[in-house]
Amino acid sequence: SALDETGATAGPLLVAALLLLKGSYALAYGALLIPAALALLALAAARRHFVLPQQTVPSTRASLEGFRTAYWLLMGGGALFACGLMSYELVSFYLTSERVSALAAPLLLALATGCGVIANLILGRSYDRFGLPVLTAAVLLSALTAPVLFGGGSARLLLAMPLLGVGYAVQDSLLKALIAGVLPRRRRYLAFGIFYSGYGAGW
């Protein structure tokens, strides 16, 4: 997840650099095709050179058997968290309409995702040691993003970005760790698929 957020930090910095050099949004988004293509090549290489997970696990027919109540409660909680997590698309629309330049928007996203890298590492290690209270604290911190962001002032804007980064860390690391503890045996793929369907619906 930290590597994921590192890429999510580098992308906005690339966009900001191209905009600074008087490039267009079309050029900036076109440039992002390069890392996207490299990611697909990496996946293709991994599939070719490493054993597929389904080849090491006995094949079973997908069903909802074995899904415990805890799983469904966590999925509901994840959907509610997603419903309250501020999307940066909405944030950037608000910021560029009211408060900052077009160049500042990707830089602020890079700040948020960079903080997400740090939060991933800190919260992941803390969750391994202390468990659920870490997730609770992280969710409460990320919930402050909207009131801080929309409260006005440059200082509050800069403070909101690390809080948004904490939300990214909850989404990318802690929820996955939590749901992994209640997955039904031999239903891992189906369980994650259903969970993130609920998460996506909430968002």
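I34, L38 and L41 form a nonpolar surface patch of about 330 Å². I34 sits in helix α3. The model is predicted. Its protein chain holds 10 helices and zero strands.

- What is the relative accessible area of I34? The value is 55%, so I34 is exposed, the cut-off being over 50%.
- An α-helix has 3.6 residues a turn, so residues three or four places apart point the same way.
- Helix α3 covers residues 33-49, which is 17 residues.
- From first C-alpha to last, α3 reaches 24 Å, close to the 24 Å expected at 1.5 Å a residue.
- How many of the 17 residues of α3 are buried? The number is zero, so α3 lies largely in the open.

**The chain as a whole**

- From the N terminus on, the elements run α-α-α-α-α-α-α-α-α-α.
- The C-alpha atoms fill a box of roughly 55 × 40 × 30 Å along the principal axes.
- The protein chain has 203 residues, and buried residues make up 38% of them.
- The accessible surface comes to about 12100 Å². Carbon and sulfur atoms account for 69% of that surface.
- Take the contacts between residues at least 6 apart in sequence: 77% of them join residues at least 24 apart.

**The nonpolar cores**

- In soluble globular proteins, nonpolar side chains tend to be buried together.
- The largest nonpolar core here has 42 residues. Y71, Y88, L95, L123 and M161 touch the most other members.
- Which elements give two or more residues to this core? They are α4 (69-84), α5 (88-98), α6 (104-130), α7 (132-143), α8 (145-149), α9 (154-180) and α10 (188-202).
- Helix α9 supplies the largest share of this core, with 13 residues.
- A second core is separate and has five residues. Among them are V15, L19, A28 and A31.
- Y88 is one of the residues of the largest core that touch the most other members. Leaving aside neighbours within four places in sequence, Y88 is in contact with L95, A105, L108, L109, M161, L164 and Y168.

**Helix α6 and the residue after it**

- Helix α6 has 27 residues, which should span 39 Å at 1.5 Å a residue.
- The end C-alpha atoms of α6 are 37 Å apart, which agrees with that expectation.
- What follows just after α6? G131 does, with a positive phi of about 80 degrees.

**V166 in helix α9**

- V166 lies in helix α9.
- Is V166 buried or exposed? V166 counts as buried because its relative accessibility is 14%, and the cut-off is under 20%.
- Leaving aside neighbours within four places in sequence, V166 is in contact with A119, L123, A138, L141 and S142. L123 is also one of the residues that touch the most other members of the largest core.
- V166 and S101 are 65 residues apart along the chain. Their C-alpha atoms are separated by 24 Å.

**G202 in helix α10**

- G202 has its place in helix α10.
- The relative accessibility of G202 is 18%, so this residue counts as buried.
- Which residues does G202 contact, leaving aside neighbours within four places in sequence? They are A79, A82 and C83.
- G202 and G78 are 124 residues apart in sequence. In space they are 7.9 Å apart, C-alpha to C-alpha.

Definitions and conventions. Residues are numbered from 1 along each chain as its sequence is written. This is a predicted model: local features need pLDDT of at least 70, side-chain atom pairs count only at pLDDT 80 or more; totals for chains, interfaces and linings use all residues. Side-chain values use heavy atoms; hydrogens and water are left out. A nonpolar core is a set of buried Ala, Val, Leu, Ile, Met, Phe, Trp, Tyr and Cys residues joined through side-chain atoms within 4.5 Å. Buried means under 20% relative accessible area, exposed over 50%, partly exposed in between (1.4 Å probe, protein chains only). Helices (H or I, at least four residues) and strands (E, at least two) are DSSP runs, numbered from the N terminus. Contact means heavy atoms within 4.5 Å. The expected span of a helix is 1.5 Å times one less than its number of residues. Patches are made of residues with over 30% relative accessible area and no salt bridge: like charges are joined within 9 Å, nonpolar side chains (Val, Leu, Ile, Met, Phe, Trp, Tyr) within 5 Å. Accessible areas come from the Shrake-Rupley method with a 1.4 Å probe; for residues, only the protein chains shown count as cover. A salt bridge is a side-chain nitrogen of Lys or Arg within 4 Å of a carboxyl oxygen of Asp or Glu.
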